[in-house]
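Keep the 3D view open as you read.

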Amino acid sequence: MAIVVRENRFLLNTNNNSYAFCVDGAGYLRNLYWGKKINSIDEFEIDTINEVSTNDPVAEITNEEYPAHGSFRYKETCLKVQFGDGTREIRYQYVGHELKENHLKVNLKDENYGLEIELNYLVIEKLDLIERWTVVGNRGNQSIKIDSIYSAQVHIPENNLRFRNSFGHWGAEQQGFTQQVSHGKIYFENRRGVSTHNHNPYFILDKNADETNGEVYFGVLKQGGNFKGIIEQTQYGHTLVQMGLNDYDFQINLDSGEEFVTPKLVIGYSEKGLGNMSHRLHAYGNSIMRNPSTRKVLYNSWEATEFKVDANEQLKLAEKAAELGVELFVVDDGWFGRRDSINDGLGDWWVNKDKFPEGLKPLIDGVKKLGMDFGIWIEPEMVNPNADLYKNHPEWIYSSHVRTPEPSRGQLVLNLCKPEVTEFIYNMIDNLLGENDIDYIKWDVNRPISETGGDQSIWYTHIMKVYEIVDRIKAKHPKVLIEACASGGGRTDLQTLEYFDDFWTSDNTDALDRLTIQRTYSYVYPIKAMRAWVTDCPNFLSKRVIPLKFRYHSAMMGTLGIGCNILKFGETEKSLSKEMIAQYKEIREIVQNGEFHRLENRSTNTYEIFQYNHRDESLLYLFLPMTKIGHKGTNVKMRNLNPEKIYTYSLNGKEFKKSGNYLMNVGIEVKLEGDYSSTIIKFN
Ligand code: DGJ
């Protein structure tokens, strides 16, 4: 049974792990255990906790499931509210629970006010994951203001852990870092409303885990927009983590009878290191994707043409793309309104007649005739002050309406909390899809929210409205895939994945930088959603020149796209592109659906090595960005193969047959020669 409830004790079991808590004698919801699977909840000794001193009170010492502001709690708390009479302290009691299959609800109620708190635990046995979230209800007569709310707290009975997340900025997302947890707190967050390249909403904590060994505690918040995570090592040698909505400039009003549901925090424990964590999170990510179809090879002209899109040029590009084997042709920014630069057009979603005199139809028909799907770029949450939409509706933006609004990238943010604005956006997209044979949308967002006026709930509401619009669009146009882009990879999170289909991982398309970005991305997010393009050299950002084959191999780690000016391709580029795209189509089931491994490099030369396993086939990707003195090869020990199976593979033009057992234990020797050399080896 996934969930066992015995008196006031709760045991949540996944296939390999357990999570336990109780209501103790003093009425606290006390965490008892999180780790490897245990058999019984009855063996726990639930001692009375006495204060150590007046400065170490019981509320402070108890490992609570969901501490709320009030009483002797000086640690971080999960919930802070203001009641109608100004009281800010919560004093709740456990009032019962509900159990329905794998879903447990624990009900708490304030002793004096109409505040109800429902803690939710949904056990996903086969993925060894638990979803946690909280519902707060107002059953009183007066409204309640929520000042801060987190989805959950986890308690880890360890200190001096190592925290892992990503940092970055535009063009440099997903740079992994580790930070020693010690006394004091670590905060990581997003305050920008729409997106962030800075940190990602997850925590990974371990002591000395590597890819295959060691204990890892992790949690991923299913929330785009503003979030906050807090890691607190307590005075008592334990570690607490809270994740939820950011309380920065935040307040939500709950009227009598209303409820607020937090985002979900997906938590897990691995005793087999980071690789096992990633496999389970990838499986989770894949399970929430609405459209599991094989992702097509796309062409996007943004880097090649920027705003200079026009029907003839795009058709020429489409013809070349089709010749290379591209399956989806995407027109990026610049096709609408008076959009010749960043300073106009957003909001005016009519087709630019100078660029497309007969509308989009001739291009779409042309693309379809060439056997490709058609995709188009939009940035629906924004408006340029020069656009007609703004002239007609200056009141539709976030602003105090007293001060002059401040554009960024020449644009302002539409106030999605206004129903007429969300209706406008929904209708615009619905019409675009209704009037044109469009298979794919790239939904971009290129600036953060600012100037929110008086309403502190917009940070949360804005992103929920985005999801609501996408949800309605998907319901009406279920076959259309939608890519989440935010100045590159600023909208990469699990909740976005529940609504959107793909992530644009970064505007940084330098094939070497991408290895860093893609490695960190792969800790949490599924490979199928990772869009990666091959673009021209010197790269616009790094100014680096990298051979085309290495660029292809790097982009073939995810869902392949081409962003080069293919009209300028010579014969060599053309034939290599055809070969690479054909190879990608052959291996993409393994790439997109496989179990992904970050392998160890045992060489003094810095190889980057990745492996994908799918059914009884495998792929090895090896990259050697720079050969160093000694020009060493590397010994690659593969992971999780079938030890009995004899795998066939080719290396340096020679065919080999080796057992899974041999490949995992003895490994194979691979030597790449020269800078920016790379290879993909298939095992079947
Ligand atoms: C930012 C995106 O990340 C790019 O790929 C491109 O779509 C531009 N916006 C277009 O303005």
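Which residues lie nearest the centre of the second largest pocket? They are W302, E303, E306, D507 and F540, out of 23 lining residues. Bear in mind that this is a predicted model.

**The second largest pocket**
- This pocket holds about 480 Å³ of space.
- Helix α3 (residues 302–305) gives the largest share of its lining, namely three residues.
- Sorted by class, the lining has nine nonpolar, five polar and nine charged residues.
- This pocket is also the space that the ligand takes.

**Around the ligand**
- The ligand is surrounded by 13 residues, and the closest are D332, D333, K442, D444 and D507.
- That shell splits into four nonpolar, three polar and six charged residues.
- On its own the ligand has 290 Å² of accessible area, and the protein covers 98% of it.

**The largest pocket**
- Its volume is about 580 Å³.
- Of the 28 residues lining it, G275, N276, H279, R280 and E595 lie nearest the centre.
- Helix α2 supplies the largest share of this lining, with seven residues.
- β20 (265–270), α12 (571–593) and β31 (595–599) are among the elements that each supply at least two.
- By class, you'll find six nonpolar, 14 polar and eight charged residues here.

Note on methods: Residues numbered from 1 in each chain as written. Predicted model: local features only at pLDDT ≥ 70, side-chain atom pairs only at ≥ 80, totals over all residues. Heavy atoms only, no water. 1 Å grid on protein atoms, 1.4 Å probe; cavity = no way out; pocket = protein on both sides within 12 Å on 5 of 7 lines; lining within 4 Å. Points joined across faces, edges and corners; volume = space filled by probe spheres on them. Helix = DSSP H or I, 4+ residues; strand = E, 2+ residues; numbered from the N terminus. Nonpolar A, V, L, I, M, F, W, Y, C, P; charged D, E, K, R; others polar. Near = heavy atom within 4 Å. Areas by Shrake-Rupley, 256 points an atom, 1.4 Å probe, with all protein chains shown as cover. Sits in = over half its atoms within 2 Å of the grid points.
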